[in-house]
Amino acid sequence: MDSEYIPKEILNNPNFNWDDKDRIKELNDLFCEIHTTDKSIIGTKDYKDLTKEINGRCDAEMIVKNKRVISKLVEEELRIAQEELQSLKDKINLKS
């Protein structure tokens with residue numbers, strides 16, 4: 001996937017999603033437009049803020065994704081525990 005114009009600060013973010021081809025194209029197009037329109041923008045506070053905001057979004061998306069995975073695991077563990085509890089209750093009721 002073409003990422004030639006995306007700043008290294010974003011590409012080196014461990015939370016950057018390389019599977020989201022549409023997002024990569026969108027970012028590359030955005031930074032291509034910035035680089036071809038006015039190179040003097042690169043290195044300005046606004047440019048740095050933009051890269052920080054994009055990195056922040058990547059980080060937030062990864063946090064949400066991880067929490068969703070953990071939530072699904074916990075839900076499955078709870079379901080299994082409830083089944084075991086019901087099984088034990090059934091065994092107790094059979095003995096009574």
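I begin with Arg-23, which is buried, at a relative accessible area of 18%; buried means under 20%, exposed over 50% and partly exposed in between, with a 1.4 Å probe and protein chains only. The model is predicted, so local features need pLDDT of at least 70, side-chain atom pairs count only at pLDDT 80 or more, and totals for chains, interfaces and linings use all residues. Residues are numbered from 1 along each chain as its sequence is written, and side-chain values use heavy atoms, with hydrogens and water left out.

Arg-23 lies in helix 2; helices are DSSP runs of H or I with at least four residues, numbered from the N terminus. Leaving aside residues up to four places away in sequence, Arg-23 touches Ile-54 and Arg-57, where contact means heavy atoms within 4.5 Å.

Which residues of helix 3 are buried? They are Tyr-47, Thr-51, Ile-54, Asn-55 and Cys-58. The buried residues of helix 3 pack against helix 1 (8–11) and helix 2.

Finally, the largest pocket. A pocket is an open set of points on a 1 Å grid over the protein atoms alone, with protein on both sides within 12 Å along at least five of seven lines, and lining residues have an atom within 4 Å of a point. Of the 14 lining residues, Asn-15, Asn-17, Asp-20, Cys-58 and Glu-61 lie nearest the centre of the largest pocket. Helix 2 (21–37) and helix 3 (45–95) each supply at least two residues of this lining, and helix 3 gives the largest share, 7 residues.

Notes
1 Å grid on protein atoms, 1.4 Å probe; cavity = no way out; pocket = protein on both sides within 12 Å on 5 of 7 lines; lining within 4 Å.
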